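Below is a short briefing on one predicted model. It begins with single residues and ends with the chain as a whole.

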Amino acid sequence: MNNFSIQSIYNWYRNSIRNPKYRWWVILGSLLYLFSPIDIAPDFIPIIGWIDDGVILTLLVAEVSQMLSQRLKSRDEQVVSEADVAGVGSTSNSDTVDVKAVSLK
């Protein structure tokens with residue numbers, strides 16, 4: 001008998017959405033499932049019908065937001081490393097002017 005668990009479904013969803021080959025298919029499928037009247041638990045059943053949509057929406061938003069934050073973080077790190085290579089912001093730059101502050105009375 002197959003070992004079926006919520007964790008295995010979550011892992012499959014997460015791995016599929018992180019795979020660039022399938023990412024847009026999983027996002028499109030998730031959106032179609034959310035707006036489709038055909039569900040595991042139909043939406044006309046109060047509360048129970050909304051739970052499956054809530055789970056799919058939560059998974060979708062969590063994974064997409066995590067991917068976007070990782071992309072922004074890697075882009076920021078790349079900009080910083082390119083600035084280091086170009087010597088921007090470096091204290092060893094010969095054009096740096098050191099100004100000593102004096103108080104005026």
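Ser 16 sits in helix α1; helices (H or I, at least four residues) and strands (E, at least two) are DSSP runs numbered from the N terminus. The model is predicted, so local features need pLDDT of at least 70 and side-chain atom pairs count only at pLDDT 80 or more, while totals for chains, interfaces and linings use all residues. Residues are numbered from 1 along each chain as its sequence is written, and side-chain values use heavy atoms, with hydrogens and water left out.

- Ser 16 counts as buried, at 11% relative accessibility; buried means under 20% relative accessible area, exposed over 50%, and partly exposed in between (1.4 Å probe, protein chains only).
- Setting aside neighbours within four places in sequence, Ser 16 is in contact (heavy atoms within 4.5 Å) with Tyr 22, Arg 23 and Val 26.
- Ile 17 also belongs to helix α1, which covers residues 6-18.
- The relative accessible area of Ile 17 is 0%, and therefore Ile 17 is buried.
- Not counting residues up to four places away in sequence, Ile 17 touches Arg 23, Val 26, Ile 27, Leu 60, Glu 63, Val 64 and Met 67.
- Ile 17 and Met 67 are 50 residues apart along the chain, and their C-alpha atoms are separated by 9.4 Å.

**The loop between α2 and α3: Asp 39**

- Asp 39 is placed in the loop between α2 (23-35) and α3 (48-86).
- Asp 39 is buried but has no salt bridge, meaning a side-chain nitrogen of Lys or Arg within 4 Å of a carboxyl oxygen of Asp or Glu.
- The nearest side chain of opposite charge to Asp 39 is Arg 23, 23 Å away; Lys and Arg count as positive and Asp and Glu as negative, with His and the chain ends not counted.
- Beyond its neighbours within four places in sequence, Asp 39 is in contact with Tyr 33, Gly 49, Asp 52 and Asp 53.

**Whole chain**

- The protein has three helices and zero strands, in the pattern α-α-α along the sequence.
- Of the 105 residues in the protein, 17% are buried.
- Among contacts with a separation of 6 or more, 43% are between residues 24 or more positions apart.

**Confidence**

- The average pLDDT (the predictor's confidence in each residue, from 0 to 100) is 82, and 88% of the residues score at least 70.
- Among the elements, α2 has the highest mean pLDDT (92) and α3 the lowest (86).
- Where pLDDT is low, the predicted coordinates should not be read in detail.
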